[in-house]
Amino acid sequence: MKVALIGCGNIGGEIAAYLINRKGFTLHSITDIDERNTKDLINKLYLNVKVSSIEQAIAEADLIIEAANKEVVKQILSNKAIDKKKKKLLVMSTGGLIENIDLLNKIKRCEVHVPSGAIAGLDAIAAVAGDIESLTLSTTKSPESLEGSPFIVENKIDLFALKTKKTIFKGALKEAIKGFPKNINIAASLFLASKFVNLKIEIVADPSTKFNTHRINCKGKFGELNVEVINFPSKNPKTSYLAIQSAISVLNNINTNYKIGY
Ligand SMILES: NC(=O)c1ccc[n+]([C@@H]2O[C@H](COP(=O)([O-])OP(=O)(O)OC[C@H]3O[C@@H](n4cnc5c(N)ncnc54)[C@H](O)[C@@H]3O)[C@@H](O)[C@H]2O)c1
């Protein structure tokens, strides 16, 4: 399978390292808006790959991996060449799928893969979608991780004055995407799995934590589901280790006839 990697940052770099000499995959091209990032990755991993535009990457690859941002997701979904039989798309910036749900719904032939990212339980949430009566995601992060988010800036919240943990946001998915665009992939994935329109999001700032913790509570006809994941960072403190591993797990599933976790 010819692979195009779009976005050569933290996650893209780890995925490229995983793909090297991996049976079933050939890393065909890499793409990044910043030329230094493609050069660095080629030098670091001794890659023999093309540096492509997004358009070329989509046209030539069987599997397109997005590890860039929401805007790139829009570019990919808008490109007619993506919707071909036998093409696969793995999306990390799942907020981009929600923001462009009309484009996503038009995709009929390309297989779109959404990793569970830095949470667990998406399989169960998808299994009981339709039977859900309430669904809440509570995310706790350090002030550093939330700094600069539009909601924080607009409401002039001084995160660094906090002495103890505090809920700084409670609201619906749309407001959360607007207020915390870089922290919302988990909520977006949860919505995609559940299709539950009354999904409630809470964001808690905790000056005493170094970890990103996600708690999901879901109730319905099926019973009650509680999931808590305390994420340790990967080599890069901004990215959870589990987020990278979940993308790699999707690649493992794509590459085998023995698929687990659906
Ligand atoms: N689904 C999840 O659970 C989950 C978890 C962590 C991160 N993410 C998301 O995955 C994405 C990648 O995360 P990361 O930590 O690797 O980020 P990163 O900032 O380290 O890397 C992003 C890369 O994309 C490149 N880029 C930006 N705009 C581009 C464009 N227009 N065209 C091509 N390349 C472009 C950047 O130059 C950078 O190299 C982010 O959107 C992040 O929010 C998702």
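Predicted model: local features only at pLDDT ≥ 70, side-chain atom pairs only at ≥ 80, totals over all residues.
Start with the overall layout. The protein splits into domain 1, made of residues 2–117 plus 242–254, and domain 2, which covers 122–236.

Now zoom in on where the two meet. On one side, 17 residues of domain 1 are in contact with 14 residues of domain 2. The size of an interface is often given as the accessible area lost when the parts come together. For domain 1 and domain 2, the buried area comes to about 1,200 Å², and carbon and sulfur atoms give 65% of it. Three residues stand out here: Thr94, Ile98 and Leu242 supply 35% of the area that domain 1 buries against domain 2, more than any other three residues.

What about charges and polar groups? Side chains of opposite charge can pair when their charged atoms come close. Between domain 1 and domain 2 there is 1 salt bridge, while a search of the whole structure finds 9 salt bridges. Have a look at glutamate 14 and lysine 235, whose side chains meet in a salt bridge at 3.2 Å, N to O. This pair ties together distant parts of the chain, with glutamate 14 in helix H1 and lysine 235 in the loop between strand E11 (223–231) and H12, 221 residues apart. Domain 1 and domain 2 also have 4 residue pairs in polar contact, counting pairs with both residues at pLDDT 80 or more.

Which elements build the side of domain 1 that touches domain 2? Those giving two or more residues are helix H1 (10–19), helix H5 (95–99), helix H6 (101–106) and helix H12 (241–254). H5 gives the most to that side, with 4 residues. By type, the residues on the side of domain 1 that touches domain 2 divide into 9 nonpolar, 5 polar and 3 charged.

Finally, find the ligand. It is surrounded by 20 residues, and the closest are Ile11, Asp32, Asn37, Ser93 and Asn185. An oxygen atom of the ligand is 2.9 Å from a polar backbone atom of asparagine 10. A polar backbone atom of isoleucine 11 is 2.8 Å from a ligand oxygen atom. Threonine 239 uses its side chain instead: a polar side-chain atom there lies 3.2 Å from an oxygen atom of the ligand.

Note on methods:
Residues numbered from 1 in each chain as written. Heavy atoms only, no water. Domains from an automatic or database assignment. Contact = heavy atoms within 4.5 Å. Buried area = accessible area lost by both parts, 1.4 Å probe. Salt bridge = Lys/Arg side-chain N within 4 Å of Asp/Glu carboxyl O. Polar contact = N/O pair within 3.5 Å; in protein donor to acceptor, adjacent residues only side chain to side chain. Nonpolar A, V, L, I, M, F, W, Y, C, P; charged D, E, K, R; others polar. Near = heavy atom within 4 Å.
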